[in-house]
Amino acid sequence: MDSIKDIDTVALDENEPAVVIIDQRLLPGEVRPMHLRTPEEIYDAIKTLAVRGAPAIGVCAAMGIYVAAEALSRENPSDDDFIQAYKKTSEYLDSSRPTAVNLSWALRRMERCFLSAMPAPRQEVLETLKKEALAIRDEDVDMCRKIGEYGVELIHEGDGILTHCNAGRLATVRYGTATSPIYQAHERGMNIHVFCDETRPLLQGARLTSYELFSAGVDTTVICDGMSASLMREGRIQMVIVGCDRVAANGDVANKIGTSMVAAAAHYYGVPFYVAGPSSTIDIDTPSGRDITIEQREGYEVTDMWYEKPMAPKGVGVYNPAFDVTDASLISGIITEKGIIRPPFDTGLAKAFGGKTH
Ligand code: MRU
C-alpha cells in the first residue's frame, strides 16, 4: 500500500475486533496500516500520535472502547463488574491526551449508549456499541464534507491559502476540516496555491498536510513556521484556514502550537483567518480559552526527535506545549457543518450548538 487517498484514516477491521489506523509516525515515508486490539495499544497509538487530529482521535476512541468491550464482556460475567470495567477502560483511554475535546466527547457518547443498552444479552450490547462507533465515524465524514461545502465559498480564484499543522483527511476519517474546502476548490478546477507551515516540533504540516495535498494534485509549498508573516507582507497569502482541537463558548480556539502566532500575523496584515471544525470539537461547556487544558509534551520532541544529533545542549530547559489558544478577536469565522459562524462568537455558537452536551 503506498497511498492514503482512498482509505479511511480510522476503521474497524471486518474480520476481528480491532481498530485499523495508518501509523502516522511513519508518514510520508511509509504507508503502514496498524491494528489496535487492546486498550493499551489504543492508548499508546493516541499518546504517541500514531493516530492524531481531534476528530480522528474521537473516532479511534469510540471504535477502541467497542473493541475493548468485546474482551471485557468475556472477562466479566457479572453485569456490575462489566460496567465497572467498561468505565475504568473509558477513563484510561480518555487520559491519553487532554486538549482535543473530541476524545472525551466520543467516549461520553459511547458510555451513555452502553449504559442505556445494559442490561441486555451481551451480543446485543456489543452490537449497539459497534453501531454507535460507526455512527460517530459516518457523522464525522458527513460533517467534514459539509465544512468543505461552506468553506469553498470563501475561496477565490488565484488565492494563496496558508494552513498550519494537519487538519486534513489524516486528522479525520475523510476530507479533513481545514483541507475540505481546499479539496473542493481543487475539484472545481480553481487555481489555488496552498502553503503548509512545517509545524514544529512534530512536523505535521511538512510530513502530513503537504503529503496528502500534494498527492491529491493540489499546488502545495512547505514553509518553515517563521516564514508566514513575510509571505503575508508580500501579498502571497489571501486567507488562512486551520483546524481546531477545542472551541470554547466565547470563540477562543485551541489548536496546534504556533496557530496563535499565525493569527496575530494575519490580523496585522489584514488576511482573513478562518477556523474549520465540526460540532464534535465545539465545547460550549468551556467558557473561554483560559479554561482549556494544554497538553505538555516531552522536550525530546523539540531537541532530538527528528535529528541525527541533539539540536540543543544536553540539560538545557525545553518548553513544549502541544497547543495554544487563539483569541476569538483574531478569528474571522468558524466554518462548521452548520454554516460559518461569525463574530460575536458567544451568541453565534450558543445559537448553533447551545443544546449540545458533552
Ligand atoms: O497534536 P496533533 O497532531 O493531534 O494536533 C492536531 C491539530 O492541532 C489539528 O489542527 C486539530 O486537531 C484539528 S484536526 C481536524
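Tutor: A residue counts as near a molecule if one of its heavy atoms lies within 4 Å of it. Keep in mind that this is a predicted model.

Student: Which residues come nearest to the ligand?
Tutor: Start with the shell. There are 19 residues around the ligand. Five of these come nearest: Arg52, Arg97, Gln204, Asn255 and Lys256.

Student: How far is an N or O atom in the side chain of lysine 256 from an oxygen atom of the ligand?
Tutor: A polar contact needs a pair of N or O atoms within 3.5 Å. The side chain of lysine 256 supplies an N or O atom, and the ligand supplies an oxygen. The distance between them is 2.7 Å.

Student: How much of the ligand does the protein bury?
Tutor: Take the ligand alone to begin with. It then exposes 410 Å². Of that area, the protein buries 100%.

Student: Where does the ligand sit?
Tutor: Look at the side chains around it. Arginine 97 has a side-chain N or O atom 2.8 Å from a ligand oxygen. Glutamine 204 places a polar side-chain atom 2.9 Å from an oxygen of the ligand. The site that holds the ligand is the largest cavity.

Student: Which domains each give at least three residues to the shell around the ligand?
Tutor: Look at the elements, then at the domains. Helix α2 (54–75) and strand β9 (253–256) each supply at least two shell residues. At least three come from each of domain 1 (10–145) and domain 2 (154–353).

Student: Which residue does a cis peptide bond join to methionine 118?
Tutor: Most peptide bonds are trans. Here omega is about -10°.

Student: What is omega for the cis peptide bond between proline 343 and proline 344?
Tutor: Find proline 344 in the loop between β14 (339–341) and α11 (345–353). A cis bond joins it to proline 343. Omega there is about 0°.

Student: What is the phi of threonine 199?
Tutor: Most residues other than glycine have a negative phi. Threonine 199 is in the loop between β5 (193–197) and α7 (204–215). It is not a glycine, yet its phi is positive, at about 75°.

Terms used. Residues numbered from 1 in each chain as written. Predicted model: local features only at pLDDT ≥ 70, side-chain atom pairs only at ≥ 80, totals over all residues. Heavy atoms only, no water. Polar contact = N/O pair within 3.5 Å; in protein donor to acceptor, adjacent residues only side chain to side chain. Areas by Shrake-Rupley, 256 points an atom, 1.4 Å probe, with all protein chains shown as cover. 1 Å grid on protein atoms, 1.4 Å probe; cavity = no way out; pocket = protein on both sides within 12 Å on 5 of 7 lines; lining within 4 Å. Sits in = over half its atoms within 2 Å of the grid points. Helix = DSSP H or I, 4+ residues; strand = E, 2+ residues; numbered from the N terminus. Domains from an automatic or database assignment.
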